[in-house]
Amino acid sequence: MIIERAKPSDYQELKKLWLIVFDEEPTFLEHFFATRISYQDIFVVRKDDKLVSALHALPLYYHKQGEEHPTSYIVGAATYKEYRRRGIMGKLLEATREAYDHPITLFPAVRPFYEANGYFTTSSVLSFSLEAEIRERENLAVQHTYQNLDAIYREATSEEGALLRDEEAWSFLTDGYEVLSVEGGYAFISEGKAVETMVLSSDAASIMLSLLKERGITEVHTLASSPLANLIGREKGVPIPMGMSTSKELQGVYIAEQY
């Protein structure tokens with residue numbers, strides 16, 4: 001078994017592995033490989049000259065207490081079914097960790113597996129149940145750009161910190177979710193849930209809550225420090241664990257799924 005960084009000649013094999021393991025949408029896969037391919041940050045396992053496992057360690061930054069720090073964010077950690085339960089992914093994670101002098105982060109598919117490999121959950125959000133309210137009122141939703149989404153995200157997470165997003169990361173998110181945007185806030189909506197809701201003021205929280213209820217959203221996730229949590233009542237929230245890291249330096253840092 002050989003563990004090494006990927007080569008340009010692995011391009012099709014990497015796409016094939018991701019497609020088979022995750023049953024991925026072809027449009028997403030083409031987008032990812034067109035914008036995020038970085039062979040020096042892709043680690044692979046070869047066995048008998050066959051690529052059997054791989055992960056992408058995207059070079060990113062997180063901010064905390066007014067400063068930005070480098071990190072690598074793991075996505076696409078995949079092993080062909082017939083090669084699983086042999087410790088291959090654990091060795092691949094270890095090799096990735098040893099390759100960098102900064103923390104490694106990820107959003108886990110199977111949390112206990114990553115806990116067993118030295119990762120800990122850095123933070124959680126609060127989940128609140130909502131009841132629909134059908135009523136007529138002025139439409140206070142606004143158009144969004146990635147710049148204003150990013151500004152809201154950075155300010156909302158300035159207290160504890162967060163994994164930062166570049167323009168491409170915002171593009172993946174806004175392509176994948178319905179976006180509800182108000183002055184000083186936004187929500188990513190999927191299957192009747194607001195899975196990420198950031199607001200900067202009590203006014204923005206009030207408007208956002210009303211719009212979510214009007215749209216029949218049944219569940220909203222937000223930070224414990226958010227004015228929205230304060231408006232609904234923090235004691236009503238159920239903690240939902242978020243991303244993970246190898247370093248206690250990221251304790252409290254918000255890490256969500258992103259590409």
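In the hairpin formed by β3 and β4, with 2 residues between the strands, Gln65 adopts a positive phi near 50°. The model is a predicted one, in which local features need pLDDT of at least 70, side-chain atom pairs count only at pLDDT 80 or more, and totals for chains, interfaces and linings use all residues. Residues are numbered from 1 along each chain as its sequence is written, and side-chain values use heavy atoms, with hydrogens and water left out.

Gln65 is a residue other than glycine with a positive phi, and its place is the loop between β3 and β4. Gln65 is exposed, at a relative accessible area of 66%; exposed denotes over 50% relative accessible area, buried under 20%, and partly exposed the range in between, with a 1.4 Å probe and protein chains only. Strands are DSSP runs of E of at least two residues and helices are runs of H or I of at least four, numbered from the N terminus. Arg85 belongs to the loop between β4 and α3 and is exposed, with a relative accessible area of 87%.

Two strands are taken as paired if DSSP finds at least two bridges between them. With β4 (residues 67-79), β3 pairs in the antiparallel sense over 11 bridges, and His56 has Val75 of β4 as its bridge partner. Strand β2 (residues 42-47) is joined to β3 by 6 bridges, again antiparallel, and here Phe43 stands opposite Leu55. β2 and β3 also form a hairpin, with 2 residues between them, and Asp48 in the turn has a positive phi of about 55°. A further antiparallel pairing, of 2 bridges, links β3 to β8 (residues 162-163); in β8, Ala162 is the bridge partner of His63.

A nonpolar core is a set of buried Ala, Val, Leu, Ile, Met, Phe, Trp, Tyr and Cys residues joined through side-chain atoms within 4.5 Å. The largest such core has 42 residues, of which Leu14, Phe32, Leu55 and Tyr119 touch the most other members. At least two residues of this core come from each of α1, α2, β2, β3, β4, α3 and β5 (104-106). β3 provides the largest share, 8 residues. Apart from this core lies another, of 20 residues, including Val182, Ala205, Leu209 and Val220. For Tyr119, contacts (heavy atoms within 4.5 Å) beyond its neighbours within four places in sequence involve Ile74, Leu93, Ile104, Leu106, Tyr114, Met244, Ser245 and Thr246.

The open spaces of the model come next. A pocket is an open set of points on a 1 Å grid over the protein atoms alone, with protein on both sides within 12 Å along at least five of seven lines, where a 1.4 Å probe fits; lining residues have an atom within 4 Å of a point. Grid points are joined across faces, edges and corners, and the volume is the space filled by probe spheres set on the points. The largest pocket has a volume of about 1200 Å³. It is lined by 37 residues, and Phe22, Gly76, Ala77, Ala109 and Tyr259 are the closest to its centre. Helices α1 (11-22), α2 (26-35), α3 (88-99), α4 (111-116) and α6 (167-176), together with β4, each supply at least two lining residues, and β4 gives the most, with 7. This lining divides into 23 nonpolar, 8 polar and 6 charged residues, where Ala, Val, Leu, Ile, Met, Phe, Trp, Tyr, Cys and Pro count as nonpolar, Asp, Glu, Lys and Arg as charged, and the others, Gly among them, as polar.

The second largest pocket holds about 240 Å³ of space. Of its 13 lining residues, Phe107, Tyr177, Val195, Met242 and Glu257 are the closest to its centre. Its lining comprises 9 nonpolar, 1 polar and 3 charged residues.

Finally, Gly185 is found in strand β10 (residues 185-190) and is buried, with a relative accessible area of 0%. Not counting residues up to four places away in sequence, Gly185 touches Ile152, Leu180, Met198, Val199 and Met208. Gly185 and Thr197, 12 residues apart in sequence, are 7.5 Å apart in space, C-alpha to C-alpha.
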